[in-house]
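Please read them with the coordinates open.

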Amino acid sequence: MKKHLTSSVIALASAMSASAAFAEIKVGAIFDLTGGLNIYGIQQDNALDLALDSINADGGLLGEQIEVVSYDSQSELSKYTQYANTSVLRDGISAMFAGLTSSSREAIRPIFRRANIPYFYSSLYEGGACDRQTFVTGSSASQQLQPLIEWAIEEYGPRIYIMAPDYNFGTISAHWINEYAEQNGGEVVGEDFLALTVTDYAPTIQKIQQARPDFVVALPVGANQTGFLEQFAAAGLKDSIGVVSSNYGSGNQQVVVSPEAGEGLIASQGYFMQVDNPANAEFVEMWTAKYGDDTPIVSGAVDVWNAVHVWAAAVEEAGSAKPEAVIAALESGITFEAPNGTVTMEPSSHHLRQNIYIARGDDNHGFEIVETFEDVAPTYENEMCDLVANPDLAEHFTPETN
Amino acid sequence: MELDFLATVLLSSLSSASILLIATIGLAVVFGLMGVINLAHGEFLMIGAYTALTVTQAGVPYILSIPVAVAVTMAIGAIVEILIISRLYGRLFDTMLATWGLSIVFYQLAVLIFGTVTPGIGMPQYNITIGDYNLAGYPLLMIVVAAAMLFFVFALMTKSVYGMKARASIQMPQMAQAIGIESSRVNTLTFAVGCGLAGFAGAVLLPIVPATPSMGFAFVIKAFLTVVVAGPVTLTGSAITALGLGGGASVTASFMTSVVGDVFFFLITALLLWLYPMGISAKWRRKL
């Protein structure tokens, strides 16, 4: 009897481990589904689900279905580290898609580095994140600002005023604006760095008028800072001074800003819903079928969509979802026909080579695309971060800011 | 320094101070007359803004949406007072904790009802020119609004029967009850008035500060500090404090940077609280 019991236990155990061996491929997701950042997090998570649905509907990866373990980080940093550890220690994931703010990325990057699991960060950001496990599908500040500043100096003139949030996204972006201004014969005539809680922009608007710029590079972060655009327009300055931005629209600010203030604002990003190509048409159709068309799709959502598909392409190429093989495949120059045009994962910097679009706000809370810069490389990241030559690099490169 | 720049700095600093005062008065009334610090004040502001926005989107002219916002926030304020605040009188820290919790609930409710992005209504595209400088007209109008609000609250508290009852019930509750004032009902009304003033602020500032679930956070800290620095003579104290701190911060920001403006605000607040731990009006002989 006892022997019988033991053998049945062994049989059961081996059956369980056998089923574990044939388990679905698991990926993890941590996004801000509640709290102040869910303006981005909900769409990022929706994009992840949509991408996995589309892959699973086509028969999955290597004949297996992909399962996702999702966490809501509630716009809190402590939740990120907690769930990142849980997903590594308990869930047995093959890849992680997570994070919006740079602080969240920096909090969890070491965890996936130690666990050697590919980690995809999908948001526009200040640039410079570099280690072997981290893959960035959003555009970096230098990648977006180079075409934007070049375009704006040609369009408006050489005198530039910078209005930026007072933390590393703002100060690093300001560095790039200074650098690209110099390269293109422009001149920064004034800078103002603002706390995220500022609601009254009268002082900034006076300083702008005092400096007499041809255009303002405005990088408002959060709802309060979009008030700047209203106040700028209401002061009657929009007709004489251009406004360009590398993050306007990334959180659907064009929906919040009134048509009078939003018309004519220039934004540059890796994706706008108005991009015209077959992949985007299909993507938008799938998205609206599942989530409706109440809110426009933000670039962060497409960054996640691209991350999932780039990872899936790497799994197909490696013939395995094992992290080490996938990371090697990701460094082989994977390309993907994305909603924002063809994108390529740069083998050395783990950043995405992608189109940068320049769009003009219309009078109906939307955009029209005025210029496309094709296949823009993440130049700064490629220059600083060569993970093929130095796989042990684990850095966050920042340019010398003044 | 050119004269026109100086004039615009002065005018816009006055409007900054007025905006701070508009956002603060409701808090000052509740704190001054009830000894309750309402940390959900910012969320009442947010409710006022969303009410005005919703009503405007339904086709009602913006100016008429303001009284609707006041009515809605007063009603919610009255309910909150009856259900929560009235059970916690005399327990300052408990009311702070309760109203803070309430603010989180209101915030998340707003996210659920309105989502994270809703269209703003924009500012009237009217501006005035002084020399080489343009100033948006609507923020300047706030100077008048703040003065009117101050006058209204002052008259309400000193000239109306309700105002006398409200002050009687807080200064000498037993005596007030003895002569037949139902102090609990008066308190409900006072809290509702405070919330209504917050709702008014949210609605009237809507063109300047777009309605978002988190808009309360931007106001509540500075409003709270203004009331604390003002001290026991809340109304006059708050007006002077808002003018000094808000206006000063704005002037500093104009000549230096916005960060220095904020540093000015918080540094002077700390300095004043060090010099006057009970608020600047602790030794004044006025009552309001």
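**Notes on the model**

1. Start with a loop residue. A:H350 sits in the loop between β13 (341–345) and β14 (352–361) of chain A. Its phi is positive, near 60°, and A:H350 is not a glycine. Is A:H350 buried or exposed? The relative accessible area of A:H350 is 1%, so A:H350 is buried, the cut-off being under 20%. Most residues other than glycine have a negative phi.

2. Now the confidence. This is a predicted model. The predictor assigns the complex an ipTM of 0.78 and a pTM of 0.82. For chain B, the mean pLDDT is 88. In that chain, 98% of residues reach 70 or more.

3. A:N116 also deserves a check of its backbone. Its phi is near 55°, again a positive value in a residue other than glycine. A:N116 belongs to the loop between α4 (102–115) and β4 of chain A. The relative accessible area of A:N116 is 22%, so this residue counts as partly exposed.

4. Helix α7 of chain A spans residues 202–211. How many of its residues are buried? The count is 9 of 10, so the helix is mostly covered. The buried set consists of A:A202, A:P203, A:T204, A:I205, A:Q206, A:K207, A:I208, A:Q209 and A:A211. A lysine, A:K207, is on that list.

5. Next, the nonpolar packing. In soluble globular proteins, nonpolar side chains tend to be buried together. The largest nonpolar core here has 139 residues. Which members touch the most others? They are A:F97, A:F228 and A:W311. Helix α12 (residues 299–318) of chain A gives this core its largest share, 11 residues. There is also a second, separate core of 35 residues. Among its members are A:A141, A:A152, A:V221 and A:V244.

6. Setting aside neighbours within four places in sequence, A:F97 is in contact with A:V27, A:G28, A:A29, A:I30 and A:F31, among others. The list also includes A:L48 and A:F120. A:A307, A:V308 and A:W311 are contacts of A:F97 as well.

7. A:S123 is in the loop between β4 (119–121) and β5 (129–131) of chain A. Its relative accessibility is 8%, and A:S123 therefore counts as buried. Which residues does A:S123 touch, beyond those up to four places away in sequence? The answer is A:Q44, A:L100, A:G138, A:S139 and A:D303.

8. A:T379 is part of helix α14 (residues 379–384) of chain A. At 41% relative accessibility, A:T379 is classed as partly exposed. A:T379 and A:Q143 are 236 residues apart in sequence. In space, their C-alpha atoms are 6.8 Å apart.

9. Last, a helix pair in chain B. The axes of α1 (residues 3–34) and α10 (residues 234–255) come within 7 Å. They cross at roughly 145°. Is the crossing of α1(B) and α10(B) left-handed or right-handed? It is right-handed. The residues in this contact comprise 17 nonpolar and 10 polar, with no charged ones.

Note on methods. Residues numbered from 1 in each chain as written. Chains lettered and ligands numbered in written order. Predicted model: local features only at pLDDT ≥ 70, side-chain atom pairs only at ≥ 80, totals over all residues. Heavy atoms only, no water. Axes fitted to C-alpha atoms, helices over the stretch in contact; angles between N-to-C directions. Helix = DSSP H or I, 4+ residues; strand = E, 2+ residues; numbered from the N terminus. Left-handed = near helix turned anticlockwise from the far one by under 90°. Nonpolar A, V, L, I, M, F, W, Y, C, P; charged D, E, K, R; others polar. Core = buried A, V, L, I, M, F, W, Y, C linked by side-chain atoms within 4.5 Å. Buried < 20%, exposed > 50% of the residue type's maximum accessible area, 1.4 Å probe, protein only. Contact = heavy atoms within 4.5 Å. pLDDT = per-residue confidence, 0-100.
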